[in-house]
Amino acid sequence: MPRTARRGEGAWGWLFVSPMVLVLGLFLVLPILMALWVSLLHWDGQSNPFSSRAHFVGLDNYRSLLTEDGLDRTLFATSLRNNAYYVLLTVPLQTLLALVLALVVNQRMLRGRSALRTAFFFPSVTSSIAVSTVFLFLFQGSGAVNTLLAWAGVKGPNWYADPRGVLSLLLGALGLVDPDHPVGVLANHSILGLSWYQWLSGPSVAMCTIILLSVWTTSGTFMLIFLAALQDIPRELEESAAIEGAGRFQMLRYVTLPALRPVLFLVLTLGLISTWQVFDQVYVMSRGAPGNTTLTPAYLSYSSAFGDSDFGQGAAIAFVLLALILGLTALQRLALRERTPRTRRNR
Amino acid sequence: MTVKDATVRAPGRPVLGRFPLPARVVGWTLVAGLGLLYVLPFVLQLVTGFKTDPDAAAHPLSPVPVTPTTAAYQRLFGLSRAADGVPFLHWLGNSAFVAVVVTAGRVLFDSMAGYALARLRFPGRSLLFGFVLGVMAVPGVALLIPKFLVLNTFGLFDTYTGMILPLMVDAAGVFIMKQFFESVPREVEEAARVDGAGVFRVFWSVVLPMARPALITLTILSFQGSWNEFTHFLVATQSSQYETLTTGLARFVSGGLGSGTQYPLKLAAALLSTVPVAVLFFCFQRYFVQGANAGAVKE
């Protein structure tokens, strides 16, 4: 086919992509550049930040987050700690649950498996605000969860009002530590303005409800990714393993799980990237309370800017978070590129 | 009877035989429990919407309202004690308006851009595709303040334009469409071109009609995305006039800590706000499934 038939294709090409270039350029690239500038200002959201009267403070906003002792750094460190625990629990739990769900739904002899798949996937497609509302109701002090726990003879905590760290509660219950009087070493040393004890006390009870909510809503999506990979495993592979006399456990251990490894990596890294962005649930369920134990960097960035009118600080937090997430994304893409290309990805 | 007859020799027959009976019973119980875990919250949500406030507080787990009432729904639809902080119909109108416009925009602009990136030769194409991939990596929550800044500077803060315009194109949608157009054989287009059709005509009358499955997926994902959108509306608007189901409900629910619980009302509002996406989901589940897997292969 002669190329000359395609006159003016270059112009058409740019015409076709121009809406995309305009929208992404104006509402994604430009905002990032503007925010980068604002993160170097002390700006309260009122005057024009791009005039010469803007109050330029250099890297002060970043310094107060990372190096200077003070409330800003303590809050930021607290939000990092909370989110780190959130990531540490949510990612493994949702991955494991998604894998189990996929294995269940993939059982060819299970009756009603498509209904189950629908049930497992449904929370993923609903609005985060709506499901957060439901969880807020379920986990109230005298709510459904605590009623269930009471049947089992357990007195449930007042979930959203409980700032105590789960890890310190657990160790306290075992008599290993005394939550009210932390050991000297832990209380006297600090990183970023938080004592070792505060870093190590675990996610608060309130944070645990947000973790449960996230695991519940995201496991369905990841289940589908696992399920697609499970259905890609060549049947001959399973059959020959069965002929060799492999039992169920061996089949899972030596055939299924190795075949899922690339997808497992994908699900873990996707989870790692998305869990650092938790915001909606915090906004609806706790707004950082109790005792700042559900504060996350994303929410802190929002509340510094729109709550405390400190947009420079808020933008600086957003950029530290952005750097963290882009770093994780780069790692993921690098690692995925090094793996063998996935040949069966388009079904 | 929990398991299909194992003697049927179908291609879907499992490689290994069936579990022994006790294992099947235990396994099925566990699976049923797991399913219940995913369904029960929605059931409780539905039932609680028909309870009175004291009933919801006293019997949060009861599947039957003591005195069934539609008071919550009457308030939401403005049939009683209207305009007391929950202008639900107004939220609904905003959500529907924004979602429809955004969906239409995304379907058109994403497929145009996807087609150009897949098929048209123009200078800067591969650079632009790299840009799209880069954009997909930018996390939305890091853009809250940046988006506010740009809308504020352009005078679009607290307007419908500011709510809609930034959502009109999404990089993931462009990516999905590009992948699709690359899988379409070139011959059809070439034939149309030989017949003298211009670039736009080939795109509009030949390529787009062939792209129906991808367009349906894109329509559904765009509608779901813009209907459930929260953070963008949160920073793009301020007045209650522009509240959508997500921002309105979020402010009502999270601000209501001191002002009584009103759970039947909150849960009924949350339930109604999920209905459109739920209906789409139950009718077009396989497109949602495709969407979930498209998200997985975007690297």
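Visitor: Why is Ser309(A) called partly exposed?

Guide: A residue is buried if 20 or more other C-beta atoms, placed from the backbone, lie within 10 Å of its own, exposed if 12 or fewer, and partly exposed in between. Ser309(A) has 13 other C-beta atoms within 10 Å, and is therefore partly exposed. This is a predicted model, in which local features need pLDDT of at least 70 and side-chain atom pairs count only at pLDDT 80 or more, while totals for chains, interfaces and linings use all residues. Residues are numbered from 1 along each chain as its sequence is written, and chains are lettered from A and ligands numbered from 1 in the order in which they are written.

Visitor: What makes Arg287(A) partly exposed?

Guide: Arg287(A) has 16 C-beta neighbours inside 10 Å, so it counts as partly exposed.

Visitor: Where do Arg287(A) and Ser309(A) lie?

Guide: Arg287(A) is in the loop between helices H13 (280-285) and H14 (297-307) of chain A; Ser309(A) is in the loop between H14 and helix H15 (311-338) of chain A. Helices are DSSP runs of H or I with at least four residues, numbered from the N terminus, and strands are runs of E with at least two. Phi is near 50° at Arg287(A), a positive value in a residue other than glycine, and near 55° at Ser309(A), likewise positive in a residue other than glycine.

Visitor: How many residues does the contact take from chain B and from chain A?

Guide: The contact takes 80 residues from chain B and 80 residues from chain A, where two residues are in contact if their C-beta atoms, placed from the backbone, lie within 7 Å.
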